Amino acid sequence: MTTTQTEIHRQENSLSHVLRSPRLLARESLAGVITALALVPEIISFSVIAGVDPKVSLVASIVLCLSMSILGGRPAMVTAAAGSVALVIGPMVHQHGVEYIFPAVLLAGLIQILFGVTGLARMMRYIPLSVMTGFVNALGILIFFAQVPHIWGNNPLVWGLFALTLLIVLFLPRVFKTVPSPLVAIIVITALCIGMGLSVPTVGEASPMAAGLPGLTQLLVPLNVDTLRIIWPCALSIAFVGLMESLLTAKLVDELTDTPSSKRRECWGLGVSNIFAGFYGGIAGCAMIGQTMVNVELGKGRTRVSTLAAGLVLLLLVTGLSELMAKIPMVVLAGIMVIVAVKTLNWHSVKPATLKRIPLPETLVMVTTVAVTVATGNLALGVVGGVVFAMILFARRIAHVVRAERMLSDDGQTVCYTVTGPLFFASSNDLFEHFKYADDPQNVIIDLSQAQIWDVSTVAVLDAIETRYQRYESKVQIVGLDVRSSDFHERLSGKI
């Protein structure tokens, strides 16, 4: 990208520049419109999983979208009542009732605020690229298969409308770029169905669309130890699942838009927004990855204007235009999300040439992330599974890089072992086997100038080596430690 192109890119992603440019303001606003329309069926379906009234999730999503447009650390990222949060709320609701959602959401919000204030968002750096690739690929697969029920097994009319949706979304931008093609597809397909009286499944059939907004959420359970015992496991799950999905989505949008985001602000902003949603709406949420892709990729949204517009349009749909929203055919929204799914998949990562170049352990980590996510339907579990598997493979790989080169002195009275490599719980176990205890002379030098001590396990192994040599009346001298390793060893040696 040239200097001029970079400057143009920076300006188009600047909120102040967008507000001064009618063209960019229109682009951001229209991106918000199609994002709001794409949110509706997802929110309704996730309400069923959580066991709550769809209106509750819709109102909470309005609060989350508007609040995070101001407080969030990643512009253009869409936050609403998400499926991953619904998955962890559902079991508590089915076992104890919906009245426990409100205090659980409040506690989860406080945990997320604490996470952001303390800067724990930096832990994102420990997620490997292979896990991130698996996360993106699993996301594409989940989005795709979530649309299948709206298309597969339906009559030929639905298939025809699905094909028309794909044609409009994919080919209209080649001749007409002013208005987002997904919005055109929604308007055309809806008008066609209403005008011709076509009988196809609509948004209204998934859930009743009564106009109006509810009042503030009422606290229906006492704030005591018994309530805390019920809600704390769910609150922790809401907090960490929401944070993980939001931070991973923020990282993805960072890469797509070539712009930075504040992960710390995203954490505490999500916590505050979930508390707001708890008081007015009643259910928590996090980043909606599919709808974020609609906003960023299809709508070309880049600033907070797009998500603010999405929240306002969603508010308008739920209040004044609920009857019109109910008439939108599900197939047109499913068609748009299928395109999003295809665009989301990292096709380069599954090409035979790429798989041939990438080390097998990296590919296995990616596949594990995808497999766990698809099997559970939970992106957070998939990421955790991928990270744990990556850690195991990494520990196994570097456990065998430690070397101990043995050198006997000319007089045969002293032996020196030069140890090379990082010493931690996995590699230290191998280190114990590198010494010839019975064959060595009485003076043994272990040179660690090319190694570092990283944990208590290593200190314990070094103590065990000295103990083993004592059986043969040999004296061990450890030399070459850097200042940190030396202090660590002196503090713990003989005391474990």
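Trainee: Good to know! What kind of model are we looking at?
Mentor: Residues are numbered from 1 along each chain as its sequence is written, and side-chain values use heavy atoms, with hydrogens and water left out. Local features need pLDDT of at least 70, side-chain atom pairs count only at pLDDT 80 or more, and totals for chains, interfaces and linings use all residues, since this is a predicted model.

Trainee: Which residues does Val340 touch, leaving aside those up to four places away in sequence?
Mentor: Val340 belongs to helix H16 (residues 330-344); helices (H or I, at least four residues) and strands (E, at least two) are DSSP runs, numbered from the N terminus. Contact means heavy atoms within 4.5 Å. With sequence neighbours up to four places away set aside, Val340 touches Ile143, Gly290, Met293, Val294 and Leu298.

Trainee: Now to the rings. How are Phe435 and Tyr469 arranged as an aromatic pair?
Mentor: Rings of Phe, Tyr and Trp (its six-membered ring) pair if their centres lie within 6.5 Å; planes under 30 degrees apart count as stacked, over 60 as edge-to-face and the rest as tilted. The whole structure has 11 aromatic pairs. In this one, the centres are 6.3 Å apart and the planes at 85°, so Phe435 and Tyr469 are edge-to-face.

Trainee: How many residues apart in sequence are the parts that Phe435 and Tyr469 tie together?
Mentor: Both of these residues are buried. Phe435 is in the loop between helix H20 (425-432) and strand E5 (443-453), while Tyr469 is in helix H21 (residues 456-470), so the parts tied together are apart in sequence by 34 residues.

Trainee: Which residue lies over the face of Tyr437?
Mentor: A charge sits over a ring if NZ of Lys or CZ of Arg is within 6 Å of the ring centre and within 35 degrees of the ring normal. Another example is Trp454, where the charged end of Arg484 is 4.2 Å from the ring centre. For Tyr437, at 4.9 Å from the ring centre, the residue is Arg468.

Trainee: Let's turn to the strands. Which residue in E6 is the bridge partner of Asn443?
Mentor: Two strands pair if DSSP finds at least two bridges between them. E5 and strand E6 (residues 475-479) run parallel and are joined by five bridges. In E6, the partner of Asn443 is Lys475.

Trainee: Is Glu473 buried or exposed, and what is its relative accessible area?
Mentor: Glu473 sits in the loop between H21 and E6. Although not a glycine, Glu473 has a positive phi of about 60°. This residue is exposed, with a relative accessible area of 63%.

Trainee: Last one: what distance separates the centres of domain 1 and domain 2?
Mentor: The bounds come from an automatic or database domain assignment, which gives domain 1 (1-393) and domain 2 (401-491). Taken over C-alpha atoms, the separation of their centres is 53 Å.

Definitions and conventions
Buried means under 20% relative accessible area, exposed over 50%, partly exposed in between (1.4 Å probe, protein chains only).
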